[in-house]
Amino acid sequence: MMTQPAHQTSRLLFGAMGLGGTWTDEPYGESDIDQAEAAITASVEAGITVFDHADIYRRGKSEAVFGEVLRRKPALMNGVTVQTKCGIVLPAGDRDGYYDLSAGSVVAALEGSLRRLQVDSVDVLLLHRPDPLLNPRTLKPAVHSLLQEGKIKALGVSNMSAAQMDYLQTELDIPIAVNQLEMSLSKRDWVESTVLVNHPTGAATDFPHGTIEWCRRNGTRLQAWGALAQGLYSQARETHTPADAHATDLVRQLAQERNTSAEAIVLAWLLKHPARIEAVIGSTNPERIRASSDAPRQAELMTTSEWYALWTAARGAPLP
Ligand SMILES: NC(=O)c1ccc[n+]([C@@H]2O[C@H](COP(=O)([O-])OP(=O)(O)OC[C@H]3O[C@@H](n4cnc5c(N)ncnc54)[C@H](OP(=O)(O)O)[C@@H]3O)[C@@H](O)[C@H]2O)c1
């Protein structure tokens, strides 16, 4: 475990949100561990060795079943690295959910994750969502202690804008290794915003300008969650619009021409972007995990005109 260098740059990550059974407090069972083992095995065999967790996934059970698989099959985990997230407090009973990035909460959440994952450290600890009550000055000593103790190798964020990262990095005085954002052929605001500058329709795009550029300039790795678009273009759900249907047809046609899967084409569209986006794959289905693993190769093969054709098909309108 943890034999690879810190914050390695694999282009595909396994997103563990689907592991661990239900989102309720009902305990996980043997079948949930079996399911996790099958998915993790398929992932490692396909060369996807970075695992993305969060303390909240399935109320801690995603991390717990991962830890159980690690105990069952320690050899499987050679060369595997793990990242996790903290800062979201799920609703409980009558209480709504909220965010908590106070120092005590971050440290306690990480300790819980390490215990459930059955590891001594994680590659990256990501702050899951911006917490308006976050005080970076009080968080700073806690993060520095976690780094010094070797419990985390780097700090990352998720769902944060350039301005938020800039401020956080200045106050914490450490680089931000990762920003994880929802980005896919379906969730395109991050790329739409770059071509709609000075265009009337640009006002409708609320993605915070400069976020992608900030990450590229500062060496902050971009990770895409929802990268498979929940199967929208690979037949997981009914296509709802003519644009979805058109993009689905084009994905299927390219997959056929290149003798690959629809999943690999959908992911390749993200990976071709020069920001070297890393795609977090949320499937727990071994077949779909294997089907996804061809994405980096397909990104190399995808031509510029194919990339734009997929984009314009999905947006349902030509570029300005
Ligand atoms: N940072 C954040 O705020 C944040 C938020 C959400 C998620 N995440 C991370 O990102 C990962 C991926 O996110 P995601 O799960 O929302 O998105 P995703 O990878 O786009 O979608 C995965 C889901 O879509 C289903 N799916 C995909 N292709 C399919 C197909 N062809 N047919 C049937 N079902 C298909 C999968 O079911 P099967 O399992 O049956 O394949 C799974 O439920 C998560 O695991 C988590 O690690 C991060």
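In which loop is His-128 found? In this predicted model, His-128 is placed in the loop that runs between strand S6 (122-127) and helix H4 (136-148). His-128 has a relative accessibility of 7% and therefore counts as buried, since burial is assigned under 20% relative accessible area. When residues up to four places away in sequence are not counted, His-128 touches Ala-54, Ile-56, Tyr-57, Lys-85, Cys-86, Ile-88, Ser-158 and Asn-159.

One of these contacts of His-128, Asn-159, is itself found in a loop, between strand S7 (152-158) and helix H5 (162-172). The backbone of Asn-159 has a phi near 60 degrees, a positive value in a residue other than glycine. Most residues other than glycine have a negative phi. Asn-159 is also buried, because its relative accessible area of 17% falls under the 20% limit. A positive phi, of about 50 degrees, is likewise found at Arg-58, which is not a glycine. Arg-58 lies in the loop between strand S2 (50-52) and helix H2 (61-72), and with a relative accessible area of 18% this arginine is buried.

The largest nonpolar core comprises 87 residues, of which Ile-40, Leu-127, Met-183, Trp-190, Tyr-233, Trp-269 and Leu-310 touch the most other members. Helix H9 (residues 262-271) supplies the largest share of this core, namely 8 residues. For Leu-310, once its neighbours within four places in sequence are left aside, the contacts are Leu-185, Leu-250, Val-251, Leu-254, Ile-265, Trp-269 and Met-302.

Leu-310 also takes part in the packing of two helices, being among the residues of H12 that meet H8. Two packed helices are described by the angle between their axes and the distance between the axes. For helix H8 (residues 242-257) and helix H12 (residues 304-315), the angle is about 155 degrees and the axes are 6 Å apart. H8 is therefore roughly antiparallel to H12, as angles over 145 degrees are placed in that class. On the H8 side the contact is formed by Ala-243, His-246, Ala-247, Leu-250, Val-251 and Leu-254, which meet Glu-306, Ala-309, Leu-310, Ala-313, Ala-314 and Arg-315 of H12. By residue class, the contact of H8 with H12 divides into 9 nonpolar, 1 polar and 2 charged residues. Leu-250, Val-251 and Leu-254, which belong to the H8 side of this contact, are also included among the residues in contact with Leu-310.

Notes:
Residues are numbered from 1 along each chain as its sequence is written. This is a predicted model: local features need pLDDT of at least 70, side-chain atom pairs count only at pLDDT 80 or more; totals for chains, interfaces and linings use all residues. Side-chain values use heavy atoms; hydrogens and water are left out. Helices (H or I, at least four residues) and strands (E, at least two) are DSSP runs, numbered from the N terminus. Buried means under 20% relative accessible area, exposed over 50%, partly exposed in between (1.4 Å probe, protein chains only). Contact means heavy atoms within 4.5 Å. A nonpolar core is a set of buried Ala, Val, Leu, Ile, Met, Phe, Trp, Tyr and Cys residues joined through side-chain atoms within 4.5 Å. Axes are lines fitted to C-alpha atoms, for helices over the stretch in contact, and angles run from 0 to 180 degrees between N-to-C directions. Angles under 35 degrees count as roughly parallel, over 145 as roughly antiparallel, 65 to 115 as roughly perpendicular and the rest as oblique. Ala, Val, Leu, Ile, Met, Phe, Trp, Tyr, Cys and Pro count as nonpolar, Asp, Glu, Lys and Arg as charged, and the others, Gly among them, as polar.
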